[in-house]
Each structure stands twice: as C-alpha cells, then as structure tokens.
Amino acid sequence: MQYEVSELKAERDPIDVQVGARLRLIRTSRRVSLEELGRRIGVTYQQIQKYETGANRISASTLYRIAKAFETSPMFFFEGLDESEPAQPVASRETLQSSLALSRIPDIEVRHRLRALIEALDPEGVR
C-alpha cells in the first residue's frame with residue numbers, strides 16, 4: 001500500500017491538544033517552569049513544550065508521572081471532553097481555570113455533582 005506524503009503527516013489530535021492545554025494550565029497555575037517539570041518527570045523542557053502544544057503525545061507512564069508531580073488524577077487531563085461527540089479541546093482559559101478549581105476537590109462524586117450544577121446554571125461555564 002502506498003501513501004502520499006500528505007497522508008503520512010498526521011494532524012494534531014484534539015485529545016492530545018486537550019491534554020496539552022490542561023498540562024500547561026496546571027503547570028502555569030502552580031508556577032512550575034518547563035525546566036522544573038522536566039526534571040521532576042525525567043524529560044527535557046522542549047519535550048514539555050511539545051506535550052503542551054499537542055505536537056507530541058504523552059505516554060500513559062509519563063502522564064501518570066505528571067499527575068503525581070501535581071498531586072492530581074490522570075483523569076484531570078481528560079476532563080471536558082464530551083464522550084458523545086468527536087474530541088474537541090476546551091476552548092477558553094476561563095473554562096480551563098474553572099475545571100482546575102474543581103479538580104482540587106478530592107471527592108470525585110462531589111466534583112461531578114458540582115460540575116453538573118454549574119453546567120445547569122451556565123452550560124458554557126465549565127467543560
């Protein structure tokens with residue numbers, strides 16, 4: 001089977017972009033530099049930049065190390081994806097910040113109920 005060069009070059013997957021955007025949000029909100037996060041998880045700062053833009057995918061083991069470094073769940077990076085639709089990254093920084101605030105609530109059931117309440121009040125408020 002032959003492929004055109006353009007077929008081989010993959011677009012950035014919206015899920016990778018979502019995970020990267022949430023990585024950047026949590027890293028910057030906690031005031032952790034690219035270099036510091038790289039040291040914590042054993043990669044270069046350039047690699048962190050590529051993760052944050054969605055240019056490179058994050059392996060499961062690396063995502064787990066990142067979540068541990070920030071004392072959050074790996075699921076934090078996937079929150080906001082609508083399972084019923086094709087993956088679309090969360091659009092606004094405000095939406096990401098709201099989600100980050102909710103992620104600090106340790107009880108996942110409470111977090112889901114708060115998210116549902118916020119969405120009922122303002123469907124565009126939290127994703």
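A: Accessible areas come from the Shrake-Rupley method with a 1.4 Å probe, and for residues only the protein chains shown count as cover. The accessible surface of the protein comes to about 8400 Å². Carbon and sulfur atoms hold 52% of that surface.

Q: What should I know about the model first?
A: This is a predicted model: local features need pLDDT of at least 70, side-chain atom pairs count only at pLDDT 80 or more, and totals for chains, interfaces and linings use all residues. Residues are numbered from 1 along each chain as its sequence is written, and side-chain values use heavy atoms, with hydrogens and water left out.

Q: How many helices and strands does the protein have?
A: Seven helices and zero strands. Helices (H or I, at least four residues) and strands (E, at least two) are DSSP runs, numbered from the N terminus.

Q: What percentage of the residues count as buried?
A: Of the 127 residues, 31% do. Buried means under 20% relative accessible area, exposed over 50%, and partly exposed in between (1.4 Å probe, protein chains only).

Q: Which residues have the most contacts inside the largest nonpolar core?
A: L23, L37, I48, I58, I66, F70 and F77. That core has 16 residues. A nonpolar core is a set of buried Ala, Val, Leu, Ile, Met, Phe, Trp, Tyr and Cys residues joined through side-chain atoms within 4.5 Å.

Q: Which elements give two or more residues to this core?
A: Helices α2 (14–29), α3 (34–41), α4 (45–53) and α5 (60–69).

Q: What is F70 in contact with, leaving aside its neighbours within four places in sequence?
A: L23, I26, R27, R30, V32, L37 and R40. Contact means heavy atoms within 4.5 Å.

Q: New topic. Is G20 buried or exposed?
A: G20 counts as buried because its relative accessibility is 0%. G20 sits in helix α2. Leaving aside neighbours within four places in sequence, G20 is in contact with Y51 and E52. G20 and I48 are 28 residues apart in sequence, yet 8.8 Å apart in space, C-alpha to C-alpha.

Q: And T62, buried or exposed?
A: T62 is buried, with a relative accessible area of 5%. T62 lies in helix α5. Leaving aside neighbours within four places in sequence, T62 is in contact with I41 and Y51.

Q: Last one. Where is L121 found?
A: In helix α7, residues 108–121. L121 is exposed, because its relative accessible area is 70%.
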